[in-house]
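Colleague: I'd like to learn how to read ring contacts in a protein model. Could you walk me through them?

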Amino acid sequence: AYSPAPTATIVVTNTAQHIGSTSLVTITFNQAVTGFTSADLTISNGTLGTLTTSDNITYTATFTPSASVTSATNQIVLDNTGVTATSTGTPGTGTTSSNTFSIDTVRPTATVTVVAPTLSTTVNSTVNITFSEAVSGFSLTDMSASNGTLSNLTTSDNIHWTATLTPSASNSSSGNVVTLDNTLYTDTATNAGTGTTTSNTYAIDTVLPTSTIVVSDTALSISGNTSLVTITFSEAVTGLTAGAFTVADGVLSNLGSNDGGLTWTATLTA
């Protein structure tokens with residue numbers, strides 16, 4: 001009499017695995033079998049829990065994906081030769097493969113770069129945020145900037161992002177950074193990042209320079225119609241010319257500095 005060999009189907013329910021996910025795996029034979037164990041299965045990028053059955057026909061187990069894996073074409077393969085029909089002892093032949101399923105258990109990462117090394121009242125900076133893969137849920141609230149604010153977050157591919165960094169007013173500091181909280185965004189497989197990412201450092205100078213002006217001779221006359229004028233700034237400056245001054249009943253000449261732009265002198269002629 002004809003004794004049909006046992007055959008099987010294998011179904012992995014969750015076809016998109018990610019960090020923290022598992023899947024029910026169902027192996028269904030065409031008849032009751034003996035000798036079926038986990039050793040008869042080859043598992044792609046994961047582990048299979050204990051096989052359970054109530055009738056030796058339908059078996060179930062839980063699949064758990066391996067960590068740090070990105071793979072789109074995984075399968076569970078059954079070696080049918082390790083299984084025999086209970087009623088006839090006929091062994092199976094060949095192999096049976098499950099449906100394919102994807103695994104992404106790699107967390108997204110990022111780099112953050114502040115383009116301008118020094119920010120001022122006239123200089124903002126572009127901030128480049130580059131992820132290891134496309135992300136979702138990323139927003140300006142995921143970042144903080146030392147002594148500044150971030151705006152204008154844009155992207156064309158959800159991998160490369162840019163923002164604008166504007167420094168705080170009346171600030172003079174170095175060692176500032178932009179910090180990204182990686183736990184607040186996910187990749188397309190819903191894996192969140194971990195920890196924080198810190199940018200390169202940048203300096204800020206948004207303190208406006210101030211000055212004092214002292215005219216040495218406070219009473220000019222026909223016989224003494226010139227005076228030394230000393231202009232002292234709160235910090236070194238550049239670009240100072242006589243045209244920056246308004247002089248009542250006189251002119252300034254010989255404007256210059258001998259200490260790098262902190263102290264300037266000129267001659268006032270009535």
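This is a predicted model: local features need pLDDT of at least 70, side-chain atom pairs count only at pLDDT 80 or more; totals for chains, interfaces and linings use all residues.

Colleague: How many aromatic pairs does a search of the whole structure find?

Modeller: Rings of Phe, Tyr and Trp (its six-membered ring) pair if their centres lie within 6.5 Å; planes under 30 degrees apart are stacked, over 60 edge-to-face, and the rest tilted. Here the search finds eight pairs. One of them joins Phe 63 and Phe 101, edge-to-face at 5.1 Å centre to centre with 70° between the planes.

Colleague: Which parts does that pair tie together?

Modeller: Strands are DSSP runs (E, at least two residues), numbered from the N terminus. Phe 63 lies in strand β8 and Phe 101 in strand β13, so the pair links parts 38 residues apart in sequence.

Colleague: Are Phe 63 and Phe 101 buried or exposed?

Modeller: Buried means under 20% relative accessible area, exposed over 50%, partly exposed in between (1.4 Å probe, protein chains only). Phe 63 is buried at 0%, and Phe 101 is buried at 1%.

Colleague: What about Phe 131 and Tyr 185?

Modeller: Their ring centres are 4.8 Å apart and their planes at 70°, so this pair is edge-to-face. Phe 131 is in strand β16 and Tyr 185 in the loop between β22 and β23, so the pair ties together parts 54 residues apart in sequence. Phe 131 is buried at 4%, and Tyr 185 is buried at 0%. Together with Phe 138 and Trp 161, they form one aromatic cluster.

Technical notes
Residues are numbered from 1 along each chain as its sequence is written. Side-chain values use heavy atoms; hydrogens and water are left out. Helices (H or I, at least four residues) and strands (E, at least two) are DSSP runs, numbered from the N terminus.
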